[in-house]
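Please look over the sequence and the model shown here before reading on. The paragraphs that follow lead through its parts one after another.

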Amino acid sequence: MHPDRTMKPGRPAALDSDPESGIESGIESGLASGSDSDLDSGPDSGSIAAPDPAPILNTRADYIGLLPEARQVACSNWDDRPDGMLAELLVIHNISLPPQEFGGPWIEALFQNRLDPNAHPYFANIAGVRLSSHLLIRRDGELIQFVDLRKRAWHAGRSCFEGRNACNDFSIGIELEGADCIPFMEAQYRRLASVTIEIMRRFPAITRERITGHSDIAPGRKTDPGPAFDWKQYLALLDQQMKTAGLPSAPADPCR
Ligand SMILES: [Zn+2]
């Protein structure tokens with residue numbers, strides 16, 4: 001993701017339901033398509049929350065929304081999907097903070113609204129913008145979950161998939177720690193494939209054909225996951241794992 005630089009620190013980012021607002025929120029530009037009040041609807045709103053403990057999967061609903069293999073990190077940047085809507089699209093992104101630097105605590109800090117604008121010159125542009133993604137895969141393959149998969153994370157921004165706008169409403173976002181033109185790690189591809197299988201099991205509408213990149217749903221505005229993201233490698237791993245998992249396979253996408 002190459003952040004747009006027109007955002008202003010210290011303000012909630014623009015709502016993507018308002019394409020006339022002219023405000024691009026930048027780094028994942030992903031804001032909810034709800035009202036302003038929706039931005040504060042998260043359970044941890046208004047405080048810097050400590051990381052959640054590992055999830056206790058007591059219910060079917062928890063099973064669907066929380067991935068036990070992920071480290072759960074508290075995040076208030078989410079809201080409810082529109083009534084009755086389930087995830088039916090998977091959107092792949094990349095993120096790095098500062099840009100093209102890996103391994104720091106800054107992505108988590110951004111998604112927890114505690115990014116220090118003074119810690120790096122770049123951060124002044126984005127501190128105060130409220131963004132999230134359901135999942136983040138670090139360079140070593142670690143999986144981090146910020147938002148329950150049943151809820152709407154703010155990752156896609158103004159977007160359109162097959163004629164349908166506001167992809168946050170019906171998608172799950174996965175960030176890979178990386179940059180458009182820097183090769184991703186083998187561990188990331190492996191983790192991405194395995195977590196895709198888990199998501200497909202929970203949300204059967206997400207088929208192999210309904211996996212897309214941010215740049216595909218926000219062309220001209222977003223470039224991630226970028227040319228360094230090897231779709232062939234990812235989809236080959238996914239196909240292998242789908243077969244093992246007994247998930248219905250699909251013909252190869254001729255576009256990739
Ligand atoms: Zn993105």
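**A helix and its surroundings**

The buried residues of α4 pack against β3, β4, β5 (143–145), β9, β10 and α6. Helices here are DSSP runs of H or I with at least four residues and strands are DSSP runs of E with at least two, numbered from the N terminus; a residue is buried if 20 or more other C-beta atoms lie within 10 Å of its own, exposed if 12 or fewer, and partly exposed in between, with C-beta atoms placed from the backbone. Two residues are in contact if these C-beta atoms, placed from the backbone, lie within 7 Å.

This is a predicted model, in which local features need pLDDT of at least 70 and side-chain atom pairs count only at pLDDT 80 or more, whereas totals for chains, interfaces and linings use all residues. Residues are numbered from 1 along each chain as its sequence is written.

In α4 the buried residues are Q188, Y189, R191, L192, V195, T196, I199 and M200. The 17 residues of α4 should span 24 Å at 1.5 Å a residue, and the end C-alpha atoms of the helix are 25 Å apart, which agrees; the expected span is 1.5 Å times one less than the number of residues.

The chain as a whole holds six helices and 10 strands, and buried residues make up 43% of its 256 residues. Of the contacts between residues at least 6 apart in sequence, 70% join residues at least 24 apart.

Six of the strands form an open sheet with mixed pairing, in the order β1-β5-β4-β9-β3-β10, where two strands count as paired if DSSP finds at least two bridges between them. The edge strands, each pairing on one side only, are β1 (71–72) and β10 (211–213). Strand β3 (residues 89–95) runs parallel to strand β9 (residues 171–177), and seven bridges join the two; L90 stands opposite I172 in β9, and I92 stands opposite I174 in β9. Strand β3 also runs parallel to β10, to which three bridges join it, and there L90 stands opposite I211.

Seven of the seven residues of β3 are buried, so the strand is largely enclosed by the rest of the structure. In a regular strand the side chains alternate between the two faces of the sheet. From β3, L89, V91, H93 and I95 point one way and L90, I92 and N94 the other way, and all are buried.

Leaving aside its neighbours within four places in sequence, L110 is in contact with L97, L115, I126 and L131.

In α6 the buried residues are Y234, L237, L238 and M242. They cover an arc of only 140° around the axis, which puts them on the same side of α6, the arc being that of the directions from the helix axis to the C-beta atoms. These buried residues of α6 pack against α4, whereas K232, Q240, K243 and T244 are exposed on the other side of α6. Following α6 is G246, whose phi is positive, near 75°.
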